[in-house]
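Hi there,

Here is the structure I promised to pass on. Have a look at it first, and my notes follow below.

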Amino acid sequence: MRTFPLPDKTENILRENGESGSFWEDRKDRHHCGIDLYAPEGEPVIAIENGEVTDIGIMTSPEMISYWNETYYIIIRNHSGLFCKYGELGSSNIKVGDTVEAGQVIGHVGTVLNSDKIDGNAPEYIQKLKNKNPSMLHFELWEADPVVEDSDYLGGNWFGDKMPQKLLDPTEYLRSIEIN
């Protein structure tokens, strides 16, 4: 059994290809590695499938980019074999090595952008979000261990010319369990 990662969502919140926050969105200097699921800050995030927590770490921080708040990621190796990376969380309820069940709360939605720090030097797509300050779950799907540290990867974005190996488009995966 699989559950949608935001239990309080009752409407379609998936981004379509080309929309802001969609998978592999072209952000001019980078591509988006996941899909953003906009939700209120603090909303619970739940495990989609049964699995094991393989990694937890910092996803974004002001030390990386000045207009970012500190957020976290959780990687779960699902019993199905896929890896889910839940990112831009404000908090985590689990630790590495924990076994989780589908529907279990694993963390809470965070807010990535600090609007007060966004200036004219920020990328255009960030400047458009300045006064919106969206909170979200950034979700990535991988065939194997997700990229966490790589010179081409930062905060859910890929700066290389080619898509990372083993990165999957999570749109259909999420759509198959989405609440109607």
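The largest cavity holds about 170 Å³ of space, in what is a predicted model. A cavity here is a set of points, on a 1 Å grid over the protein atoms alone, where a 1.4 Å probe fits but cannot get out; a pocket is an open set with protein on both sides within 12 Å along at least five of seven lines, and lining residues have an atom within 4 Å of a point. Grid points are joined across faces, edges and corners, and a volume is the space filled by probe spheres set on the points. The structure has one cavity of 30 Å³ or more.

Which residues lie nearest the centre of the largest cavity? They are Arg 27, Asp 36, Glu 88, Tyr 125 and Ile 126, out of 18 lining residues. Strand 2 (35-38), helix 1 (124-127) and strand 9 (135-142) are the elements that each give two or more residues to this lining. Helices (H or I, at least four residues) and strands (E, at least two) are DSSP runs, numbered from the N terminus. By class, the cavity lining divides into eight nonpolar, seven polar and three charged residues. In this scheme Ala, Val, Leu, Ile, Met, Phe, Trp, Tyr, Cys and Pro count as nonpolar, Asp, Glu, Lys and Arg as charged, and the others, Gly among them, as polar.

Then there is the largest pocket, with about 310 Å³ of space. Of its 15 lining residues, Ser 20, Glu 25, Glu 124, Tyr 125 and Lys 128 lie nearest the centre. The pocket lining has eight charged, five nonpolar and two polar residues.

Gly 21 sits in the segment before strand 1. Is Gly 21 buried or exposed? Gly 21 counts as buried, because its relative accessibility is 0% (buried means under 20% relative accessible area, exposed over 50%, partly exposed in between, with a 1.4 Å probe and protein chains only). Leaving aside residues up to four places away in sequence, Gly 21 touches Arg 15, Arg 27, His 32, Gly 34, Ile 35, Asp 36 and Tyr 38, where contact means heavy atoms within 4.5 Å. The C-alpha atoms of Gly 21 and His 138 are 8.5 Å apart, although 117 residues separate them along the chain.

His 32 also has Asn 157 of strand 11 as its bridge partner. Strand 1 and strand 11 (residues 157-158) pair in the antiparallel sense over two bridges; two strands pair if DSSP finds at least two bridges between them. They belong to an open sheet of three strands in the order 1-11-10, with strand 1 (31-32) and strand 10 (153-154) at the edges.

Elsewhere, strand 4 (residues 51-60) and strand 5 (residues 71-78) form an antiparallel pair over eight bridges. Glu 52 stands opposite Arg 77 in strand 5, and in strand 7 the bridge partner of Glu 52 is Thr 99.

As for the whole, the protein chain has two helices and twelve strands. Its radius of gyration, taken over C-alpha atoms, is 15 Å, close to the 16 Å that the globule rule gives for 180 residues, so the chain is as compact as a globular protein of that length. The globule rule is 2.2 Å times the number of residues to the power 0.38. Buried residues make up 51% of the 180 residues.

Two notes on reading all this: residues are numbered from 1 along each chain as its sequence is written, and side-chain values use heavy atoms, with hydrogens and water left out. Local features need pLDDT of at least 70 and side-chain atom pairs count only at pLDDT 80 or more, while totals for chains, interfaces and linings use all residues.

Best wishes
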